[in-house]
Every structure is written in structure tokens, then in C-alpha cells.
Amino acid sequence: MTSKKKLFKGKTLAILTGGGDTPALNSSIESVRNRASLLGYKVYGIRQGWKGLLGDGDILDLTHQPYDGFYGGTALRSSRTNPFPSSKNPENRVPQILRNFERYGIDVLVSIGGDDTNGAAKRLYETEGIPVIGFPKTIDNDLRTRTIHNFNGKEIEGVLCPGFPSAAKGIMEFTDRIRTTAESHSRILVLEVMGRDAGWLAGGGFFGGAELSLVPEYEMTKERKEFFFESVKEAYMKSPKKALVIVVSEGVKWYDDATGKTDFVYASSEVDEYGHPRFGGISGIIASEIYNKLGIEARAQMTGYYARSGECRLYDRRLTSTLADKVVDLLLREEYGQMPVLSKIPTYQELEEFNCSSVDMGSIGNRSLPEEYYNIDKFNFTDAYVDFLTHILGKPNFLQFNYDFPVVIPKF
Ligand code: F6P
């Protein structure tokens, strides 16, 4: 295709990334940038999410620039800025955004984000007529992508968001690695995993060998807690090396013996511009209660940003490229206010554009862990979830050292 014949020559497409970062953001930016350039667009990067469209604007030209999509995080940087008035910031910043759209000559916006960023983009499309296309991202995997997972002939409404495959793999490896320390000290290690109020990411820990898992979808009431401690004791006694790894989602509601209430554990009382509080600290509470109630040594470990950081893994690389192919389709049809998604979880390695569809950005919403994926009585994930993750992460293949050395009896 010569440049003269390029369909969108003279037009400008801008990309922004909003919300928490993921290892797949640069890959998403690069994939969209490459395809938009081929269509003839000039491609701009808006820095720090919606913040880069405030004031004088903070915009970079990404056209024909080298770009490393394997490097995690976002070269455009991110923020949780909300263009619309919120309790934290009552100012309506939409007029500033519209002004900068004109000043920089932006024709189309691709907003890479979760429910908040894409929800704001959709509002701008509906109320101001700004052509937007959403691009999914979250390590929490709780954006409703309506991706169907076929398990034993049953169709389960799953979710697959760029960022989650790399993050889940990181949590899987973290869990596997920490086992050697748990074994060396005969300890119980409680790993706290991000994911806000959905348990998808904690499944990475289960996949990495955690014996018990707690997810936010099922709150830990007084009764559930008692049952849980019995299960912990039983699992510990049964474990050959007297070691356990327990994975807990940051957003699990936990019964507090002192207040008699079952509630979230917050890291701070602060909320962001979309009204989200910050969770954190439940693993420490569980570890100390294990010690106090069962007398077994336990330690808490926050996996924190480990899941969000580092290189983009191959599955995410393929996923972002495939969804960017669908962005091309949406651009060609001028179908705005849409977000590309994978229609089905493929049972083979290759991801393809014909397995993509798009969802209306106004109806994205959140999707927590389906009940088919968690066994409430065993405090663990089900075979259906193992199947789901196996398609994305491959089969775990961990090294094991199964020793049973004979005990030496003294001569006298
Ligand atoms: O939504 C992504 C996420 O990583 C959540 O899992 C977590 O609760 C939150 O962001 C933490 O965000 P930050 O520390 O960047 O405020």
C-alpha cells in the first residue's frame, strides 16, 4: 500500500492508558500503534491517562518511533484521573479535554483501561460525540469480556483481559518459589494477592501449588473462619514436609473477633477519583490468627506489584496483537463506543481475529469469579478453573524434591 492510498491519511489517532499498570500495556500500545500507522493514521500517545488531556496537554508523537512491546508497564504512564466530577474532585474537566482534542487535532481515541477509564471514554462518546474505542486491560481480570470457556460440554462465561495472563503467571511462579522457604522452616506462608474484589488472580497462586485459597466472592464470616482454621490444621498435619502455602485475595471480607463484624481490610482510608479504596493487610491478620489459634508458625507475604510488573509474557503478546486486529476492524467500520474482546477461550496456542467480537463500552461492568471456578467447601479452585488457566498459562511443571531419608539411631 503506498502512503497516498492509505485510508486514514491526514487523520490522527491518540492512545491513552489509565488505571493500574499491567505487564501488557506497552504491548497493547505498540500493537494498536502499528496497525493504526498501517492504516495511515498519525499516532499520538497521551501521557498519564486523562490527565494528559488537561491544561495544555501532554502528548507524544508515536508515529514511526521504535517501541518495545515486551517491556512491561506503560511508556505513556498512567493515572486514575477522572474527567468527570467525583466526590474527590468535583471539577468537571470535560471542557479542557474537548479543547485539547481540537488543539491537537485528534480524530479518534483508543483508551486502554478497565471499567473506569473505558467508562469515562464511553461517556465522552455519548455526551460529546468523541469517537472512542476501548481496549481492555487489568490484572484483576474482572472486566466483563463475555469470553466463553467450554468445559466438559458446559459453557462458562469467563473473562480474558490483557495483563491478566502475565500477572497470573507471575503469581504462579511466586507461589512455587516460596514453597522451598515454607518447607525449610515448617511454616505456613500466607500470600496476599491483588485483584480488588475478584478472585481471578488468586487462582495463579493455586496454579502455583497453594494448598488453600480464599477469594473475595465468598466472605469469611465467623462460621466460615472456624471451618477454615480446621481445614488449615488438617492440611498442615497431612502435608509431608509440614509446610503450607495459602493464597488470599486482598479483597476478602474477614470476620473480626474483636468487633464482631465481617469487613474488608483496608491499607488506607483514601479513595481514588473513581471512589475505590485501597485494600491491604489481610494476610498479616490471617497469619497471626493461625499462630494464635493453631500454634503453627505462620508468616504473611504481600505479592503486591510483583503481579503488575515485569515483562509481557507471550500469551499477552498474542492477545494484545489479536485484539488490535479487531481494533482495525472497528476503525474501518467506524464503530465507536466498542471494546474488542476474545469470544472464546481457544484450546490451542494461536489466537485469531475471527475469534474476536466487540462489546458496547457502556455495558462492560465487572465480572467476578463464576461459581463453577471455586469450591467453597474446600477453600480452593475447581477443575474447571484449572482447565481455564491451563489454556492460558500452559501446564505447570514444577521441580520437586521428594525426600524420605532414613533416620539414624544412635549406638547407645
Ligand atoms: O486494579 C488493579 C490493581 O492492581 C488492583 O488489583 C489493586 O487493588 C489496585 O490496582 C492497587 O492500585 P494502586 O496501588 O496503584 O493504587
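A disulfide is taken here as a pair of cysteine sulfur atoms within 2.5 Å. I work throughout with a predicted model.

**Entry 1: cysteines**

I applied that rule to the structure, and the count comes to zero disulfides. I then looked up two of the cysteines, starting with Cys 312.

How far is the sulfur of Cys 312 from the closest cysteine sulfur? I find 14 Å, and the partner in question is Cys 161. With the limit at 2.5 Å, that is too far for a bond. Is Cys 312 buried or exposed? Cys 312 counts as buried because its relative accessibility is 1%, and the cut-off for buried is under 20%.

I repeated the look-up for Cys 356. The closest cysteine sulfur again belongs to Cys 161. The distance is 13 Å, so a bond is ruled out here too. Cys 356 has a relative accessible area of 9% and is therefore buried.

**Entry 2: the chain as a whole**

I noted nine helices and 19 strands in the protein chain. I checked the radius of gyration next. For 412 residues a compact globule would come out near 22 Å, and the protein chain has 23 Å, so the two agree. I also took down the extent of the C-alpha trace, which is about 95 × 45 × 40 Å along the principal axes.

What share of the residues counts as buried? I have 54% of the 412 residues. For contacts with a separation of 6 or more, I recorded that 74% join residues 24 or more positions apart.

**Entry 3: surface and charge**

The protein chain exposes about 18700 Å². Carbon and sulfur atoms supply 49% of that area. I looked up the charged side chains as well: 50 are positive and 54 are negative. The centres of these two sets lie 4 Å apart.

**Entry 4: Asp 107**

Where does Asp 107 sit? I place Asp 107 in the loop that runs between α2 (94-103) and β4 (108-113). Its relative accessibility is 28%, so I list Asp 107 as partly exposed; that class lies between the 20% and 50% cut-offs.

Which residues does Asp 107 touch, setting aside neighbours within four places in sequence? I wrote down Gly 10, Lys 11, Thr 12 and Pro 131. I also looked up Asp 107 against Leu 212, which is 105 residues away along the chain. Their C-alpha atoms are separated by 50 Å.

Note on methods:
Residues are numbered from 1 along each chain as its sequence is written. This is a predicted model: local features need pLDDT of at least 70, side-chain atom pairs count only at pLDDT 80 or more; totals for chains, interfaces and linings use all residues. Side-chain values use heavy atoms; hydrogens and water are left out. Helices (H or I, at least four residues) and strands (E, at least two) are DSSP runs, numbered from the N terminus. The radius of gyration is taken over C-alpha atoms; the globule rule is 2.2 Å times the number of residues to the power 0.38. Buried means under 20% relative accessible area, exposed over 50%, partly exposed in between (1.4 Å probe, protein chains only). Contact means heavy atoms within 4.5 Å. Accessible areas come from the Shrake-Rupley method with a 1.4 Å probe; for residues, only the protein chains shown count as cover. Lys and Arg count as positive and Asp and Glu as negative; His and the chain ends are not counted. The place of a charge is taken as NZ of Lys, CZ of Arg, CG of Asp or CD of Glu.
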